[in-house]
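Keep the viewer open and follow along.

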Amino acid sequence: MHKNGLIGTAILAITLSAVLGTACKKTPDNSGTTGTTGTSAGVRVSQVDLGRELTADKKIGNRTDKFKPNDTIYASVATDGAGPSTTIQARWTYQDGQVVNESTQTIAPTGDTRTEFHVSKPDGWPAGKYKIEVLVNGATAATKEFEVTP
């Protein structure tokens, strides 16, 4: 190969690496929280916490991923970034994929924000594995698994 051919190949490899490196950015694992970043106009989910109680600032007082059938299950979704009108959706599913609850809130964050979602079932949750999926403007931004035991 000629000297110019090697330089051209090196430049192409560096450019391709830079493009792919920015296009495939993933968030770190935050206690079961996964998802792609930058899902909507600068707003991203940075953490999802679950528990049985919520504090005044919309944080989980006692985090857990194990619940009893009659528990109210709270999710505190931490986002960072800013957006004039951002839709945050929580989709709760049972182990077979059945959607047991869906709710949506519209926020206009200007920085770190907490959004609260919760579900309850007066006659009790069936034992098994569940998942909450958090969507930002319709795109999956995070998931978190939890379990209900008798």
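## Strand pairing

Strand β4 (residues 86-94) runs antiparallel to β7, and seven bridges join the two. Look at Thr93, for instance: its bridge partner in β7 is Lys131. Two strands are said to pair here if DSSP finds at least two bridges between them. Strands themselves are DSSP runs of E with at least two residues, helices are runs of H or I with at least four, and both are numbered from the N terminus.

Zoom out and β4 and β7 turn up in an open sheet of five strands, ordered β2-β8-β7-β4-β5, with mixed pairing. At the edges sit β2 and β5 (99-107), each of which pairs on one side only.

## What kind of model, and the overall count

This is a predicted model, so local features need pLDDT of at least 70 and side-chain atom pairs count only at pLDDT 80 or more, while totals for chains, interfaces and linings use all residues. Residues are numbered from 1 along each chain as its sequence is written, and side-chain values use heavy atoms, with hydrogens and water left out.

Of its 150 residues, 33% count as buried; buried means under 20% relative accessible area, exposed means over 50%, and partly exposed is in between (1.4 Å probe, protein chains only). Take the contacts (heavy atoms within 4.5 Å) between residues at least 6 apart in sequence: 58% of them join residues at least 24 apart.

## The nonpolar core

A nonpolar core is taken as a set of buried Ala, Val, Leu, Ile, Met, Phe, Trp, Tyr and Cys residues joined through side-chain atoms within 4.5 Å. The largest one has 23 residues, and Val45, Ile73, Trp92, Ile132 and Val134 touch the most other members. Two or more residues each come from β1, β3 (73-80), β4, β6 (113-119), β7 and β8.

## Aromatic rings

Rings of Phe, Tyr and Trp (its six-membered ring) pair if their centres lie within 6.5 Å; planes under 30 degrees apart are stacked, over 60 edge-to-face, and the rest tilted. That rule gives five aromatic pairs. One of them is Phe67 with Phe146, edge-to-face at 5.7 Å centre to centre and 85° between the planes. Phe67 lies in strand β2 and Phe146 in strand β8, so this pair ties together parts that are 79 residues apart in sequence.

Both Phe67 and Phe146 are buried. They also belong to a cluster linked by ring pairs, along with Trp92, Tyr94, Trp125 and Tyr130.

## Salt bridges

With a salt bridge defined as a side-chain nitrogen of Lys or Arg within 4 Å of a carboxyl oxygen of Asp or Glu, the whole structure has nine. Arg52 and Asp71 make one, with the closest N and O atoms 2.7 Å apart. Arg52 is in the loop between β1 and β2 and Asp71 in the loop between β2 and β3, 19 residues apart. Arg52 is partly exposed, at 40% relative accessible area, whereas Asp71 is buried, at 15%.

Lys66 and Glu147 meet in another (3.2 Å, N to O), this time bringing together strands β2 and β8 across 81 residues. There's also Lys121 with Asp123, at 3.4 Å between the closest N and O atoms; Lys121 is partly exposed at 28% and Asp123 exposed at 65%. Finally, Asp49, Arg63 and Arg114 are linked in a network of salt bridges.

Most residues other than glycine have a negative phi. Which way does phi go at Lys58? Phi is positive there, about 65°, and Lys58 sits in the loop between β1 (44-51) and β2 (66-67). Lys58 is partly exposed, with a relative accessible area of 39%.

Asn137 also has a positive phi, near 50°. Its place is in the loop between β7 (128-136) and β8 (139-148), and Asn137 counts as partly exposed at 38% relative accessibility.
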